[in-house]
Amino acid sequence: KNHVVGNNVLDLGCGNGKVGEVLSKHGFKVRLVDNIDYNESDLSLELYNGVNLEIENNSIDTTLLLMVLHHCDNPTEVLKEAIRVTKQRIIIIESIFLNEEERRFNVFMDWFYNRILSYKDDNVPLNFRTPDNWKRLFSKYNFKSIKDIDLGIDLPICPEHHWLFVLDK
């Protein structure tokens, strides 16, 4: 919540909706959108086709893409759609790798966690990138980097290396 600007928040690829639910309890107006219904929150979920959002241009103050882009068949198209609907800030947390060993580990853990332990129909195209590769993608869209933080291996149940990007348009 410390990185969210404005009141209108889109949690794109919201998963179980719990992050949006917490933000709503802090007074934010949150829209949950995903292409599969895993919603376990008290908020309503809007389903979309995974490509085109039915949201007006520049109508969202902050968009969250938390552990989403590596699950997308075309992460660039999802990012472009997030850019279209977002007025100011996009907050991204992604699984990253710093070397080939970490990439292989992420591939295994993402497959194992998403196919074996949890949602068996979750998309797992394994679109992992290094932090620099993500930054190069973001720079194509002229983002201003507000925060760029190595979160390390932060989830014991699925020990992938995560990175936080806070970007302004």
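Guide: Helices (H or I, at least four residues) and strands (E, at least two) are DSSP runs, numbered from the N terminus. Before we start: this is a predicted model, where local features need pLDDT of at least 70, side-chain atom pairs count only at pLDDT 80 or more, and totals for chains, interfaces and linings use all residues. Residues are numbered from 1 along each chain as its sequence is written, and side-chain values use heavy atoms, with hydrogens and water left out.

Visitor: Where does asparagine 58 lie?

Guide: In the loop between β3 (45-47) and β4. Its phi is positive, about 50°, although asparagine 58 is not a glycine.

Visitor: Why does asparagine 58 count as partly exposed?

Guide: Buried means under 20% relative accessible area, exposed means over 50%, and partly exposed is in between (1.4 Å probe, protein chains only). Asparagine 58 has 40% relative accessibility, so it counts as partly exposed.

Visitor: And what makes asparagine 142 exposed?

Guide: Its relative accessibility is 64%, so asparagine 142 counts as exposed. This residue sits in the loop between α4 and β6 (144-153), and it too is a non-glycine with a positive phi, of about 60°.

Visitor: What makes a set of residues a nonpolar core?

Guide: The members must be buried Ala, Val, Leu, Ile, Met, Phe, Trp, Tyr or Cys residues, joined through side-chain atoms within 4.5 Å. The largest one here has 26 residues, and those with the most contacts inside it are Leu10, Leu12, Leu53, Leu65, Ile92 and Phe138. At least two residues each come from β1 (8-12), β4 (60-66), α2 (75-85), β5 (86-96), α4 (131-139) and β7 (161-168). Helix α2 gives the most to this core, with five residues. Apart from it there's another core, of 12 residues, including Val9, Cys14, Val30 and Ile91.

Visitor: Which residues does phenylalanine 138 touch?

Guide: Leaving out residues up to four places away in sequence, phenylalanine 138 touches Leu79, Ile92, Phe143, Phe165 and Leu167. Contact here means heavy atoms within 4.5 Å.

Visitor: Why is the pairing of glutamate 81 with arginine 84 called a salt bridge?

Guide: The rule asks for a side-chain nitrogen of Lys or Arg within 4 Å of a carboxyl oxygen of Asp or Glu. For glutamate 81 and arginine 84, the closest N and O atoms are 2.7 Å apart, so the pair is a salt bridge. Both lie in helix α2, three residues apart, about one turn of the helix. The structure holds 10 salt bridges.

Visitor: Is glutamate 81 buried or exposed?

Guide: Glutamate 81 counts as buried, because its relative accessibility is 12%. Arginine 84 has a relative accessible area of 24%, so arginine 84 is partly exposed.

Visitor: What makes arginine 104 exposed?

Guide: Its relative accessible area is 56%, so arginine 104 is exposed. Glutamate 100, with 37%, is partly exposed, and so is arginine 103, at 29%.
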